[in-house]
Amino acid sequence: MDIHYWALTGIAEEKILGHMKWIYENIHAYEDELLYDAKYEPTDNVLYFIK
């Protein structure tokens, strides 16, 4: 899945990526093992820059 994010000008891409990682870890993957008997992919395997 591709995630596209548009931010206000002047916000560093690294800061945006940090927010996206927080969302993935704390919302998307919240209690993944408890609910689905499986762990989601590690954050760094899912969210990264392609330049």
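Mentor: Gladly; let's begin with the nonpolar core. This is a predicted model, and its largest nonpolar core consists of I16, L17, M20, Y24 and L47, 5 residues in all.

Trainee: Which residues is Y24 in contact with, leaving aside its neighbours within four places in sequence?

Mentor: Y24 is in contact with A29, Y40, E41, T43, V46 and L47, once neighbours within four places in sequence are left aside.

Trainee: How many salt bridges does a search of the whole structure find?

Mentor: The search finds 1 salt bridge. D44 forms a salt bridge with K21.

Trainee: How do you know that D44 forms a salt bridge with K21?

Mentor: The closest N and O atoms are 2.7 Å apart, and the cut-off is within 4 Å, so the pair qualifies as a salt bridge. D44 lies in helix α3 and K21 in helix α1, residues 13-28, so the pair ties together parts that are 23 residues apart in sequence.

Trainee: And is D44 buried or exposed?

Mentor: D44 has 53% relative accessibility. Exposed means over 50%, so D44 counts as exposed.

Trainee: Now for D32. What makes D32 a residue with no salt bridge?

Mentor: The nearest side chain of opposite charge, K39, is 4.2 Å away. A salt bridge has to be within 4 Å, so D32 has none, although D32 is buried.

Trainee: Which backbone nitrogen lies 2.8 Å from a polar atom of the side chain of D32?

Mentor: That is the backbone nitrogen of Y40. D32 itself lies in helix α2, residues 32-36. Leaving aside neighbours within four places in sequence, D32 is in contact with D37, A38, K39 and Y40.

Trainee: Two of those interest me, D37 and A38. Why does D37 count as exposed?

Mentor: D37 has 74% relative accessibility; exposed means over 50%, so D37 counts as exposed. The place of D37 is in the loop between α2 and α3.

Trainee: Why is A38 called partly exposed?

Mentor: A38 has 39% relative accessibility. Buried means under 20% and exposed over 50%, with partly exposed in between, so A38 counts as partly exposed. A38 also lies in the loop between α2 and α3, and A38 touches D32 and E33, not counting residues up to four places away in sequence.

Trainee: What about the loop between α1 and α2?

Mentor: Y30 has its place there. Leaving aside neighbours within four places in sequence, Y30 is in contact with E25 and L35.

Trainee: Let's step back to the whole protein. What pattern does the protein follow along the sequence?

Mentor: The pattern is α-α-α, with 3 helices and 0 strands.

Trainee: Why is the protein called more spread out than a compact globule?

Mentor: Its radius of gyration is 13 Å, well over the 10 Å that the globule rule gives for 51 residues, so the protein is more spread out than a compact globule. The C-alpha atoms fill a box of roughly 40 × 20 × 15 Å, taken along the principal axes. Buried residues make up 16% of the 51 residues.

Key:
Residues numbered from 1 in each chain as written. Predicted model: local features only at pLDDT ≥ 70, side-chain atom pairs only at ≥ 80, totals over all residues. Heavy atoms only, no water. Helix = DSSP H or I, 4+ residues; strand = E, 2+ residues; numbered from the N terminus. Buried < 20%, exposed > 50% of the residue type's maximum accessible area, 1.4 Å probe, protein only. Lys, Arg positive; Asp, Glu negative; His and termini not counted. Polar contact = N/O pair within 3.5 Å; in protein donor to acceptor, adjacent residues only side chain to side chain. Contact = heavy atoms within 4.5 Å. Core = buried A, V, L, I, M, F, W, Y, C linked by side-chain atoms within 4.5 Å. Rg over C-alpha atoms; globule rule 2.2 N^0.38 Å.
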